[in-house]
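Subject: Structure handover and findings

Hi,

Here is the structure for you to look over. My notes on it follow below.

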Amino acid sequence: MKLVVQRVKSASVEVDGKIIGEINKGYMVLVGFSSKDTEKEVDYMANKLVKLRIFEDETGNMNLPVNDVEGEVLLVPQFTLYGDTHKHNRPSFHKAKKSDEASKLFDDFVLKCRKTMNVQTGQFGAYMQVELVNDGPVTILIEKESDN
């Protein structure tokens, strides 16, 4: 499982000309699942995301999690995080989880995150336009390899 976490001043996701998710200060997170991911990775990553400390404290150090700054989270499903260009220039997506299984894991991830954070989402399987104002810029890649 991969998360691309961007610290933002604002972010939104649009589908068919309508904004379906929008946040102010917080995290805009691209979420991808590998073919081997299970609930175990979902649990680990939800816990990791809520504890991630990339907001600055009073001394200017990245030391605060999103909840400590009353931030929000925008979760956007993105299977292309598992695009493999190792052998060719056109990405292969054989490492990505199949759509129906990934959709369920994304829904589970959203539910787990909503237990501890203020969460908005993109739409699984939709063509989306994402806008954001990256703060810093700060972008963190978090990966959890499946134990399988």
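Helices (H or I, at least four residues) and strands (E, at least two) are DSSP runs, numbered from the N terminus. This is a predicted model, where local features need pLDDT of at least 70 and side-chain atom pairs count only at pLDDT 80 or more, while totals for chains, interfaces and linings use all residues. Residues are numbered from 1 along each chain as its sequence is written, and side-chain values use heavy atoms, with hydrogens and water left out.

Glu14 lies in strand S1, residues 2–15. Its relative accessibility is 27%, so Glu14 counts as partly exposed. (Buried means under 20% relative accessible area, exposed over 50%, partly exposed in between, with a 1.4 Å probe and protein chains only.) Glu14 and Met128 are 114 residues apart along the chain, yet their C-alpha atoms are separated by 5.5 Å. Leaving out residues up to four places away in sequence, Glu14 touches Ile19, Ile20, Tyr127, Met128 and Gln129. Contact here means heavy atoms within 4.5 Å.

Asp16 is exposed, at 76% relative accessible area.

Look for Glu70 in the loop between strand S5 (62–65) and strand S6 (72–77). Glu70 is exposed, with a relative accessible area of 73%.

**The helix pair**

Helix H1 covers residues 39–51 and helix H2 residues 99–114. Their axes come within 9 Å and cross at roughly 35 degrees. Axes are lines fitted to C-alpha atoms, for helices over the stretch in contact, and angles run from 0 to 180 degrees between N-to-C directions. The crossing of H1 past H2 is right-handed.

Which residues in H1 meet H2? On the H1 side they are Glu39, Val42, Asp43, Met45, Ala46 and Leu49. On the H2 side they are Lys104, Leu105, Asp108, Phe109, Lys112 and Cys113. The contact divides into seven nonpolar residues, five charged and no polar. The classes: Ala, Val, Leu, Ile, Met, Phe, Trp, Tyr, Cys and Pro count as nonpolar, Asp, Glu, Lys and Arg as charged, and the others, Gly among them, as polar.

**Rings**

The structure holds three aromatic pairs. One of them is Tyr27 with Phe55, stacked at 5.6 Å centre to centre, with 20 degrees between the planes. Tyr27 is in strand S3 (residues 26–32) and Phe55 in strand S4 (residues 53–56), so the pair ties together parts that are 28 residues apart in sequence. For reference, rings of Phe, Tyr and Trp (its six-membered ring) pair if their centres lie within 6.5 Å; planes under 30 degrees apart count as stacked, over 60 as edge-to-face and the rest as tilted.

Tyr27 is buried, at 0% relative accessibility. Phe55 is buried too, at 5%. Phe55 and Arg7 are 48 residues apart in sequence and 7.8 Å apart in space, C-alpha to C-alpha. Beyond four places in sequence, the contacts of Phe55 include Arg7, Lys25, Tyr27, Met62, Leu64 and Val69.

Two lysines sit over rings. The charged end of Lys2 is over Tyr82, 4.6 Å from the ring centre. Lys144 lies over the face of Tyr44, at 5.3 Å from the ring centre. The test is NZ of Lys or CZ of Arg within 6 Å of the ring centre and within 35 degrees of the ring normal.

**Loops and a cis bond**

Ser34 lies in the loop between S3 and H1. Ser34 is buried, with 11% relative accessible area. Its contacts, not counting residues up to four places away in sequence, are Met1, Tyr82, Lys95, Ala96 and Lys97.

Gly136 and Pro137 are joined by a cis peptide bond, with omega about 0 degrees. Pro137 is in strand S8, residues 129–143.

Ala126 is in the loop between strand S7 (118–121) and S8. Ala126 is partly exposed, at 22% relative accessible area. Ala126 and Gly60 are 66 residues apart in sequence and 38 Å apart in space, C-alpha to C-alpha.

Best wishes

Technical notes:
Left-handed = near helix turned anticlockwise from the far one by under 90°.
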